[in-house]
Amino acid sequence: MRDKVKDFFNKELYCITSEEHSKGRNNIEVVKELIDAGVKIIQYREKDKKALYKYKECKEIRKLTKEADVMFIVNDNIDIAISVGADGVHIGQEDMPIEKVRELVGNDMIIGLSTHCIEEAHNAVLRGADYIGVGPIFSTNTKKDACAPVGLKYLNSVSQNISIPFVAIGGIKKHNIIEVLSNGASCVAMISEIVGANDIKEQVKNIKNIITES
Ligand code: TZP
Ligand code: MG
């Protein structure tokens, strides 16, 4: 999968789990709906669960995503990503240094790194990230410790200056996704707009159509 990041991130929707925003559905139910809806990239992100429950969920999600040829990325937990055989791990600026993460995960696993300014973005490229997260583009209540929004102009400058795949994230909704796409994003990540939708399948279908037609 590591060699396929560029292909997967081309005009694609990157879906991230969050049970607290999932309207009473559990992560497994949500993931099944996402896969049925044709989502190709899923990140498991749960901030408040104990490792045992995260591990169990990731193990199940790995099975489901493998069968469907969906890219599976685990947020934060390098240990869980390795033990369930995820395709990748997503880390932040204050996690372990990316070089050390690479030593742990080996050469086949994807490493994604969140970035919030052009220095971090260039640095991520130099240090071997396979893709970067760019955001938050807009303000969001989903991430409690989110930085100030980076905005569309910044997104545009990333698209012109960064050579590796990137995913735009933060406050992206159906009503503003066109602006995100027209400012250089090819891959768009969403949490609340997808997992919090009444009809996840319908929502994914509509959003994927907007991305494909952009
Ligand atoms: N990283 C930057 S913003 C964000 C994360 C995980 C939250 C995105 O959630 P939403 O609901 O799509 O704004
Ligand atoms: Mg993190």
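A: Ala189 touches Tyr14, Ile16, Gly133, Val167, Ala168 and Ile169, leaving aside residues up to four places away in sequence. Two residues are in contact here if their C-beta atoms, placed from the backbone, lie within 7 Å. This is a predicted model, in which local features need pLDDT of at least 70 and side-chain atom pairs count only at pLDDT 80 or more, while totals for chains, interfaces and linings use all residues. Residues are numbered from 1 along each chain as its sequence is written, and chains are lettered from A and ligands numbered from 1 in the order in which they are written.

Ala189 sits in strand S8 (residues 187-190). Strands (E, at least two residues) and helices (H or I, at least four) are DSSP runs, numbered from the N terminus. Ala189 is classed as buried because 24 other C-beta atoms lie within 10 Å. The cut-offs are 20 or more other C-beta atoms within 10 Å of a residue's own for buried, 12 or fewer for exposed, and partly exposed in between, with C-beta atoms placed from the backbone. Ala189 and Tyr14 are 175 residues apart along the chain, yet their C-alpha atoms are separated by 4.4 Å.

Strand S1 (residues 12-16) pairs with S2 in the parallel sense over three bridges; strands count as paired if DSSP finds at least two bridges between them. Tyr14 stands opposite Ile41 in S2. Strand S2 covers residues 41-44, with Ile41 and Gln43 pointing one way, Ile42 and Tyr44 the other way, and all of them buried.

In soluble globular proteins, nonpolar side chains tend to be buried together. Cys15 touches Leu34, Val39, Ile41, Ile42, Met190 and Ile194, again not counting residues up to four places away in sequence.

Thr115 lies in strand S5 (residues 110-115) and counts as buried because it has 24 C-beta neighbours inside 10 Å. From Thr115 to Ile132 the C-alpha distance is 6.5 Å, across 17 residues of sequence. Strand S6 spans 131-134, and the loop between S6 and helix H7 (151-161) holds Pro136. The peptide bond joining Gly135 and Pro136 is cis, with omega about 0 degrees.

A further strand pair is S3 and S4, which run parallel and are joined by three bridges. Asn75 stands opposite His90 in S4. From S4, Gly88 and His90 point one way and Val89 and Ile91 the other, and all are buried.

Asp76 lies in the loop between S3 and helix H4 (78-84). Its phi is positive, about 70 degrees, although Asp76 is not a glycine. Most residues other than glycine have a negative phi, and most peptide bonds are trans. Asp76 is partly exposed, with 17 other C-beta atoms within 10 Å. Asp95 is in the loop between strand S4 (88-91) and helix H5 (98-105) and is partly exposed, with 16 C-beta neighbours inside 10 Å. UniProt, in an unreviewed entry, places the feature "binding site" at Asp76 and Asp95. They span 20 residues in sequence, but no two of their C-alpha atoms are more than 7.6 Å apart, so they gather at one spot. UniProt positions are given in the numbering used here, feature names are shortened, and annotations may be inferred rather than shown by experiment.

Ligand 1 is surrounded by 14 residues, the closest being Thr140, Thr142, Gly170, Ile191 and Ser192; a residue counts as near if its C-beta atom, placed from the backbone, lies within 6 Å. The shell has six nonpolar, six polar and two charged residues. Ala, Val, Leu, Ile, Met, Phe, Trp, Tyr, Cys and Pro count as nonpolar, Asp, Glu, Lys and Arg as charged, and the others, Gly among them, as polar.
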